[in-house]
Amino acid sequence: MQLIRRSAGRRLRAFGAVLVTTLGLTAFAAGTPATAAANACLTGTLAFDHLDAEAGTAKPVRTQVARNANWELWGRTGSGAASRLAAGITGASDGRFTACHTASLAEAYVRFRSSSTSMWRVVKAANNTTDYAFDSARRTNVSGTQDLGTVKVPSTLQRAWKVVDTLNVLYWKRANPASSCWTARQSDGRCDQITFVWDPKVADGGYWDYPNTNYVFLGATMPDSKHLVLHEAGHWLQWQLYGRDFPVVDDCNPHYIEKHSSESCAWTEGFADAVAAYALGDYRYVYDNGSSYSFRNDASTPGWDAGDTVQGRVGSSLLDLWAADGPDGGNWNRTIALMTRDFSQDFREYFTEDRPAAGLSTTGAAQRILTGHTISY
């Protein structure tokens, strides 16, 4: 069966428990102990329920913590209006937050936003720069520490926070030791932010919007698939690695995992497929309905076209080059480094020119991997 997936043919500092200052406001990130000066704290764990497409077409409901998600402490000391008093992010492993102020509060609550620092966010529309947000229960006469327990994202918004949480997986593997930005092309304080546009009432989506390059559009149920989210982020990442440049792509609508398209389409789509699978540690693509397609292929795989104009052949070659027992050292780090320096119009250029220039093998095991996927240079 031919499986089609829409995608634009055109183009994570590991957060820890640290003291953050934002716009002059003190923010105790998750896990950071409140200091003696903090007299009012709200603590808890942010979590969300989600439909798990990676678990199959039944899409069972899972509950998980929301990691590295932005929060704000709002409150008032007297009878006036509440104001923002602190900001931070939830814990990178446990979704915990500790939101503190230096004085006792007549009223306090935590506002959660569908974003992570200024590195990525989810909004309702491209012309709306406001994140989705909701507030915790309000507490009065807050002095000392009050535990809110587990705070759940409202069911109508859970997909926005699933996107926020899923992008952590790619950020943590971005292989950029030079800065907290997505790639070494940028320095701290000058990072680009990727924005996902998602509206539960809009079905159309599943593409990175070139030339509006910092936007990815997702349809109503698409966040159910982590692979779909990361595939589209993979297009944006390639554009970032290439210094905000992207191959000229042709013959890419429609495109199929197992069928011919073009060298440029197979390279960009195969790279995005490989980004998602590599980040999640598997060897497949998962659709938002829970069905999946394996990238395992060789010359005898039924229904597959051959060569480097097939995105599944390119994507699986990349995954095997980066595999734990592969020739590239067990990860994609050296490919990320070379893509930060060198632009490749297609997979042939990446393999035959850029890999040798970066000291990566194109013979022996590397050559056998490509041959096994019907690509021969």
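I took helices (H or I, at least four residues) and strands (E, at least two) as DSSP runs, numbered from the N terminus. The model is predicted, so I kept in mind that local features need pLDDT of at least 70 and side-chain atom pairs pLDDT 80 or more, while totals for chains, interfaces and linings use all residues. Residues are numbered from 1 along each chain as its sequence is written, and side-chain values use heavy atoms, with hydrogens and water left out.

Entry on threonine 340. I found this residue in helix α5 (residues 333-341), and it is buried, with a relative accessible area of 15%, where buried means under 20% (exposed is over 50%, partly exposed in between; 1.4 Å probe, protein chains only). Not counting residues up to four places away in sequence, Thr340 touches Ala184, Arg185 and Leu241, contact being heavy atoms within 4.5 Å.

Entry on the sheet. I traced an open sheet of five strands with mixed pairing, in the order β9-β10-β14-β16-β15; two strands pair if DSSP finds at least two bridges between them. β9 (115-116) and β15 (207-208) stand at the edges with a single partner strand each, so one side of each has no neighbour in the sheet. β14 (residues 194-198) runs parallel to β16 (residues 215-218) over four bridges, and Phe196 stands opposite Val216 in β16.

Entry on the core. I noted that Trp161, Phe196 and Trp322 touch the most other members of the largest nonpolar core, which has 89 residues; such a core joins buried Ala, Val, Leu, Ile, Met, Phe, Trp, Tyr and Cys residues through side-chain atoms within 4.5 Å. Helix α3 (residues 263-280) gives the largest share, ten residues.
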